[in-house]
Amino acid sequence: MSKPSLARGTRDFGPEQMAKRTFILETIRRTFQLYGFQPLETPAIENLSVLMGKYGEEGDQLLFKILNSGDYSNKLTEQDWQLESKELTSKISEKGLRYDLTVPFARYVVMNRGTLPLPFKRYQIQPVWRADRPQKGRYREFYQCDADVVGTDSLLCEAEIVLMLHESLRNLRIPNFRVKLNNRKILSGISEVIGAPGLEGQFAVAIDKLDKIGKEKVIQELLNRGFTEENVAKLEPIFTLSNQAEPFVALKQWLNPSETGMQGIGELEEIWALVDGFELENPQLEFDVTLARGLSYYTGAIFEVKAHDHDDHPVNMGSISGGGRYDNLTGTFGVDGLSGVGISLGVDRIYDVMEELGLFPADQIQTTRVMLSNFDKKAANYGLKVLKQIREAGFNAEMYPDSVKLKKQLDFADRKQIPFVILIGSQEMESGNLTLKNMKTGEQISVSIVEALEKIKF
RNA sequence: GAGAUUGUAGCUCAGCUGGUUAGAGCGCCUGAUUGUGGUUCAGGAGGUCGCGGGUUCGAACCCCGUCUUUCUCCCCA
């Protein structure tokens, strides 16, 4: 017999953790619904043909692949065994676990395009799996909460996402955070303006690290990624941009030659105006020209949210939310012209942040309100009727299942933090009253059922 | 995928240069109390030292492999 163990990067959630997770999940779900999003669930397992090639070369490697059922090696030839693992994989695995919620959503939209009311707003709260190396804030199985709108180019969606992020996080009682906003078109514009069109992907990956590794190392990385000294020299304005009060003004001057870039700025300005129009209280919204995000499918707005601590410093936990607009996600499934925009909140990171900052409200554990003792068979039988009435009154209640020593029963109630115990023995059966014990104070009173129900309310 | 790091009782950890029968605190069980939890007291159970191999007269300790923990890079929620 071997000792049981968890698969790498996975966790169990006990009652206490579940109470906290449920709080997060339900808070986000309510907020999503408030903004008109409708629920969707898709299978954990997708065909690899749906998942492969959507997340780049690295993403394909991070997909959990499922071995074909049955005798998967039966049809393999000697030659097949000599293949590279990548090609061999395609012969022995046809399914995989979902890597995110956006691609399955795109698949769903394509498969149901005739019947969906467009624009379609859906939210989806489900676990996803990545064969990543676990580390701080990173797991191999984790929950995402996605909200996407597909079928409209309206920037109102972007503005509403900004609002919804604020509302979700404030409902979660995370007071300090930063919603960072950028636009992929601005990044394209910059790579045009510095004379390196087409290298925007490379540019994005490098510039994204500015706040992390600093200007010098970013420049070094750009040079390594194929940019010339000349390109980099033209990039100088970007490093001063974030310090300016009105970054858009300077940016417009700089990117004036690039039509795409100017379009990106225009979109951001409109989003800002819309957010203003909603009169969002104390917006924690910030333009960040270095925000890029690796996911290749973003084409317009890019979002990222970081949690901050009580002193408004960023918490070292990666981003708790990310998203953006993708003009042609469904294109890979053969349907062009459907634009979408969405965000994803990471429940597990939100959990870790809240734990680290001590933000969970007390009293989250759902436990039994009243426990009935089990003195002997006769008393237990008598107590069942009481138990029924307590439950009908809406209180969580249970009876100790075995007729063991009272000491053991009370000890159990104590450990489960059950606030009230009702004792029923021969005395109670004779008198018709119940003995109600307050486990916190130790106080015991003899009362009728009706009185007991009044007492356990508080 | 690359680099570093961790693993000893249910939990947190100690364990000397490789040397008898591997320890502590907390928790757990039993009793002091056959109708009373939290406190106290007395007693008790619990370990293939992550797993596999090697070196050695002798391994928790040294070597190799493997799994796992935490962290960094990469990438990401």
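Exposed means over 50% relative accessible area, and buried means under 20%. The model described here is predicted.

## Two exposed loop residues

Glu279 has a relative accessible area of 69%. That value is over 50%, so Glu279 counts as exposed. Glu279 lies in the loop between helix 15 (259-277) and strand 8 (285-287). The backbone there is marked by a positive phi of about 55° at Glu279, although the residue is not a glycine.

Asn282 sits in the loop between helix 15 and strand 8. Its phi is positive too, at about 45°, and Asn282 is not a glycine. Asn282 is exposed, because its relative accessible area is 55%. Most residues other than glycine have a negative phi.

## A cis peptide bond

The peptide bond from Leu118 to Pro119 is cis. Its omega is near -5°. Most peptide bonds are trans. Pro119 belongs to the loop between helix 6 (102-111) and strand 5 (120-129).

Of the RNA strand B atoms that come within 4 Å of the protein, sugar and phosphate account for 48%. By class, the residues of this surface divide into 20 charged, 13 polar and 10 nonpolar.

Polar atoms of the protein approach phosphate, sugar or linking, and base oxygens of RNA strand B. At Asp411, an N or O atom in the side chain is 3.2 Å from a sugar or linking oxygen of RNA strand B. At Lys437, an N or O atom in the side chain is 2.9 Å from a base oxygen of RNA strand B. The largest share, 6 residues, comes from helix 18.

## An enclosed cavity

The count comes to 1 cavity of 30 Å³ or more. The largest cavity has a volume of about 40 Å³. Phe105, Ala106, Val109, Val150, Tyr326, Leu329, Thr330, Leu338, Ser339 and Gly340 line the largest cavity.

Helix 6 gives the most to this lining, with 3 residues. The lining of the largest cavity has 7 nonpolar and 3 polar residues. No charged residue takes part in the lining.

## A buried serine

Ser191 is found in helix 8 (residues 184-193). Ser191 counts as buried, because its relative accessibility is 1%. The cut-off for buried is under 20%.

Leaving out residues up to four places away in sequence, Ser191 touches Ala196, Pro197 and Glu200.

Terms used
Residues are numbered from 1 along each chain as its sequence is written. Chains are lettered from A and ligands numbered from 1 in the order in which they are written. This is a predicted model: local features need pLDDT of at least 70, side-chain atom pairs count only at pLDDT 80 or more; totals for chains, interfaces and linings use all residues. Side-chain values use heavy atoms; hydrogens and water are left out. Helices (H or I, at least four residues) and strands (E, at least two) are DSSP runs, numbered from the N terminus. Buried means under 20% relative accessible area, exposed over 50%, partly exposed in between (1.4 Å probe, protein chains only). Contact means heavy atoms within 4.5 Å. A residue is near a molecule or strand if one of its heavy atoms lies within 4 Å of it. A polar contact is a pair of N or O atoms within 3.5 Å; within protein, one must be able to donate a hydrogen and the other to accept it, and residues adjacent in sequence count only if both atoms are side-chain atoms. Ala, Val, Leu, Ile, Met, Phe, Trp, Tyr, Cys and Pro count as nonpolar, Asp, Glu, Lys and Arg as charged, and the others, Gly among them, as polar. On a 1 Å grid over the protein atoms alone, a cavity is a set of points where a 1.4 Å probe fits but cannot get out, and a pocket is an open set with protein on both sides within 12 Å along at least five of seven lines; lining residues have an atom within 4 Å of a point. Grid points are joined across faces, edges and corners, and a volume is the space filled by probe spheres set on the points.
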